[in-house]
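User: Hey, I've just been handed this structure and I'm new to it. Can you walk me through it?

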Amino acid sequence: MKDVNTDALKTRLVDLVNQHAKLAQVINDSLFSFAELGFHETESSKFLTATLEQNGFAVQRGVAGMPSGWVARFGSGGPVIALGSDIDALPNVSQVPGLAYHKPLVEGGPGHGEGHNSGQAVNIAAALALKELMQREGLPGTLMLWPGIAEELLAGKAFQVRDGLFDGVDAVLFTHVGYNLETGWGDVTGAGGLVSVEYAFHGASAHAAAAPWRGRSALDAVELMNMGWNVRREHLRPEQRSHYIITYGGEQPNVVPALAKVWYYLRETDIENVRKNFDICNRIADGAAMMTDTSVTRRMLGASWPRHYNRILAETVQANIERTRLPAWTDDDQRFARVVQRAAGGKEVGLATEVAKIVTKPHSPGTDDIGDVSWVVPTVQLRYPANMASLPGHHWSNAMAMATPIAHKGVLAGAQVVAGSVLDLLLQPERVAGAKRYFTEVQCKDQTYVPFIGKDDAPPLDLNQVAMDKFRPLQKPFYYDPTKYDTYLEQLGVVYPTLEPPQ
Ligand SMILES: [Zn+2]
């Protein structure tokens, strides 16, 4: 197809995306109000799948052993393009949007302090526009939408990969909230890959005062394991990051704990070193069990390979970024951003006004389980400007903009880039072939994907159950009702932006 035709189609496509601005805002605000922790994204998934079905997508629910998982498809034949984005919230970061000061919606409750409420709004607005254009122009191809489940636990995508969600997919366009239109290719430097594993020590209980010699303390084993790891840290590469929490340590001091559990995240920049540190950690656990005459079992809770993004896909996305302007931020948007940035102790940089250049050595201090996907299908990530830079991350301040005009406009800009990029792939089969060639001949030349998740590992669906049982009833009165209110801000009675707390 000639460029001039592509150009005319893209202009029409952007118009179609913009026609879904209202739906995108409703999706964004609804998910913000549901704020569900990983594996419990039930309201979010119910809402998203219903929306997709109403719009002619065929939905399959409960995929990859996860009740909140799903896949939605439209179209037929190749190429098969998969649009993904995470939907889970974070614990303890509940926040009223549009206020530049900390005020939880539900005290201690979950919240979208990472902005995972916005990505499906991006993808659905893009997908509906693409569907309309594909129907009108008779373009072949399949669109597949899917959610990242429990991304904050790095516990979803490796299971989705294992269970074949991406079989037959030609390219994955993954969207993640950010503060500019950005993409990149190559190995992502930073905290790379991760193993999330819980060690359970099994001892024997006894009266802690009357007969302690008859007990074997599982908690002692946890403590010795942590001591062992903390001493060993000094002799690991400085690039590693590891952290743990004790998830169970007994019930009360006068009973020798027969069971104790500790949950480790082991991160390294490359897969060989993740493996090496995982082996060391397992040996230390065995050592602690030996010292205390207890036994140890372990449970994989999640894992992520270091990410590698596809060059051809990234260049396709970048061309569409440069075609899309950043949103027209108002003075209110900019003022709000600066006040929040100041309050959070960050640089007052406001909101971006120029699109980012393509990054060839992407950096991320965190881990994302899209890593596993990127080793089975050519994958690229688009970050879109629905949030503010300079914030701490995983924090209530990161939720402040996520149901305001900043998020609404950023989502739409992201949707325009996604739609344009997918259109390029639909119209130019050589791009899809090029992406595959890069994947096989460059990315996977010296590296073969060997997952950490085994065939018998199951998604840890019990995680977050206690928190959601406690908070869901408290969150329900705050669910967004788009039939009564234009925006969630209106429902909450928030005047945007509110920069100062009431005196
Ligand atoms: Zn995220």
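Analyst: Taken over C-alpha atoms, the centres of domain 1 and domain 2 are 35 Å apart. This is a predicted model, where local features need pLDDT of at least 70, side-chain atom pairs count only at pLDDT 80 or more, and totals for chains, interfaces and linings use all residues. Residues are numbered from 1 along each chain as its sequence is written.

User: Which residues belong to domain 1 and domain 2?

Analyst: Domain 1 is 23-188 + 307-444 + 467-492, and domain 2 is 193-304. Those bounds come from an automatic or database domain assignment.

User: How many residues of each domain are in contact with the other?

Analyst: Nine residues of domain 1 are in contact with eight residues of domain 2. Being in contact means that the C-beta atoms, placed from the backbone, lie within 7 Å. On the domain 1 side there are four nonpolar, two polar and three charged residues. For those classes, Ala, Val, Leu, Ile, Met, Phe, Trp, Tyr, Cys and Pro count as nonpolar, Asp, Glu, Lys and Arg as charged, and the others, Gly among them, as polar.

User: OK, zooming out. What does the radius of gyration of the protein chain come to?

Analyst: The protein chain has 24 Å, which agrees with the value near 23 Å that a compact globule of 503 residues would have. The radius is taken over C-alpha atoms, and the globule rule is 2.2 Å times the number of residues to the power 0.38. Along its principal axes, the C-alpha trace spans about 85 × 60 × 40 Å.

User: And how many helices and strands are there?

Analyst: The protein chain has 14 helices and 14 strands. Both are DSSP runs numbered from the N terminus, with helices being H or I of at least four residues and strands being E of at least two.

User: In what order do the strands of the open sheet with six strands come?

Analyst: The order is β1-β2-β4-β3-β5-β14, with mixed pairing. Two strands pair if DSSP finds at least two bridges between them. β1 (58-61) and β14 stand at the edges with a single partner strand each, so one side of each has no neighbour in the sheet. On average, neighbouring strands here are turned by 20 degrees against each other, direction ignored.

User: Which way do β1 and β2 run, parallel or antiparallel?

Analyst: β1 and β2 run antiparallel, joined by four bridges. Val59 has Ala72 in β2 as its bridge partner.

User: And what about β5, what are its pairings?

Analyst: β5 pairs with β3 in the parallel sense over four bridges, and Leu83 has Leu173 in β5 as its bridge partner. Seven bridges join β5 to β14, also running parallel. There, Gly178 stands opposite Pro385 in β14.

User: How many residues of β5 are buried?

Analyst: Eight of its eight residues are buried, where buried means that 20 or more other C-beta atoms lie within 10 Å of the residue's own, exposed means 12 or fewer, partly exposed is in between, and C-beta atoms are placed from the backbone. One face has Ala171, Leu173, Thr175 and Val177, and the other has Val172, Phe174, His176 and Gly178. In a regular strand, side chains alternate between the two faces of the sheet.

User: Which strands does α11 lie across?

Analyst: α11 lies across β3, β4 (141-148), β5 (171-178) and β14, at about 150 degrees to β14. Axes are lines fitted to C-alpha atoms, for helices over the stretch in contact, and angles run from 0 to 180 degrees between N-to-C directions.

User: Switching topic: where are the cis peptide bonds you'd point out?

Analyst: One joins Gly78 and Pro79, with omega about -5 degrees, and Pro79 is in the loop between β2 (70-76) and β3 (80-86). Another joins Tyr496 and Pro497, with omega about -10 degrees. Pro497 is in the segment after α14 (488-492).

User: Why point those out?

Analyst: Because most peptide bonds are trans, and most residues other than glycine have a negative phi. On the phi side, Asn92 is not a glycine but has a positive phi of about 70 degrees. Asn92 lies in the loop between β3 and α4 (119-137).

User: Is Asn92 buried or partly exposed?

Analyst: Asn92 counts as partly exposed because it has 16 C-beta neighbours inside 10 Å.

Definitions and conventions: Two residues are in contact if their C-beta atoms, placed from the backbone, lie within 7 Å.
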